[in-house]
Amino acid sequence: MKKALLISGGRKVSKYLIEKYSDRYIIIADSGAELLKNYNLRANLVIGDLDSINGETLKYVNDIGIKIYKFPVKKDLTDTHLCVEYLVKNHFKDIVILGALGTRLDHELANLNLLKSLYKRNIKSKIEDDNNEVYYAEKGIYNLKKGNKKYISVVSSSAETIYSTTGFVYEVKGKILNYKNPSLGVSNEMINDEGTIEIKKGEAFIILSRD
């Protein structure tokens, strides 16, 4: 299975987190390349309109020989979305996206919906930073292991989501999430080392977080 790491230009992530996935094909969305320069790291490809890369970063990218696919500033897709489409076209089946969360709420929401797009194309994916991991989920069973992110939340992304949990502090069976109770599934915790979330109906984001 071909695996990729996509580094976007949102909130910066640690060098440790990037190196955790350093064995993957690494693709950069535009200003995400600043992290490469700051941490003295390499990548396989930079994609974007290059409107937010400073000269020093661009020089670093060129000096170490990273391939660049430059797009016009006036385009339909964000740089992160362009990277996703490149990876899909080239048959990557497991994609981790870093730097996709941050101060631009519009980009953040669009990036979260990229997880849904990848799910629909049978591609495993998640968005991660040093405080969060986000997965898109539909009907099915999701087995989770306790890590360094204490809180586990189920946030509905459809008109109605029905889900159950096992191995959590707050056990729920057939709990309904909708616009009337959107925060009901927020901030649960696993009791032991493993827990299970079953989505019985609808769509949701499963979010692992730490303060």
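Start with the open sheet of four strands, ordered β8-β12-β10-β11 with antiparallel pairing; strands here are DSSP runs (E, at least two residues) and helices are H or I runs of at least four, numbered from the N terminus. Two strands pair if DSSP finds at least two bridges between them. Colour β8 (140-145) and β11 (175-177) next: these are the edge strands, each pairing on one side only. On average, neighbouring strands in this sheet are turned by 30° against each other, direction ignored.

This is a predicted model, so local features need pLDDT of at least 70 and side-chain atom pairs pLDDT 80 or more, while totals for chains, interfaces and linings use all residues. Residues are numbered from 1 along each chain as its sequence is written, and side-chain values use heavy atoms, with hydrogens and water left out.

Now zoom in on β8 and β12 (residues 194-201), which run antiparallel and are joined by six bridges. Pick Ile141 and look across to β12: the bridge partner is Glu198.

Next, select residues 165-211, which the unreviewed UniProt entry annotates as "domain: NEAT"; such annotations may be inferred rather than shown by experiment. The span is 0% helix and 40% strand, with its end C-alpha atoms 22 Å apart.

Move on to the other open sheet, with nine strands in the order β4-β3-β2-β1-β5-β6-β7-β13-β9 and mixed pairing. At the edges stand β4 (67-70) and β9 (151-156); each has a single partner strand, so one side of each is left without a neighbour in the sheet. Neighbouring strands here are turned by 20° on average, direction ignored.

Show β1 (residues 3-7) and β2 (residues 25-29): they run parallel, joined by four bridges. Which residue stands opposite Ile7 in β2? Ile28 does.

Bring in α4, which packs on this sheet and touches β1, β2, β3 (45-48), β4 and β5 (94-98); contact means heavy atoms within 4.5 Å. The direction of α4 makes about 150° with that of β2.

Last stop: α4 (residues 79-89) against α5 (residues 105-120), packed at about 15° with axes 11 Å apart. Axes are lines fitted to C-alpha atoms, for helices over the stretch in contact, and angles run from 0 to 180 degrees between N-to-C directions. That makes α4 roughly parallel to α5 (angles under 35 degrees count as such). Show side chains for Thr80, His81, Val84 and Val88 in α4, which meet Asn111, Leu114 and Leu118 in α5.

Methods:
Parallel < 35°, antiparallel > 145°, perpendicular 65-115°, else oblique.
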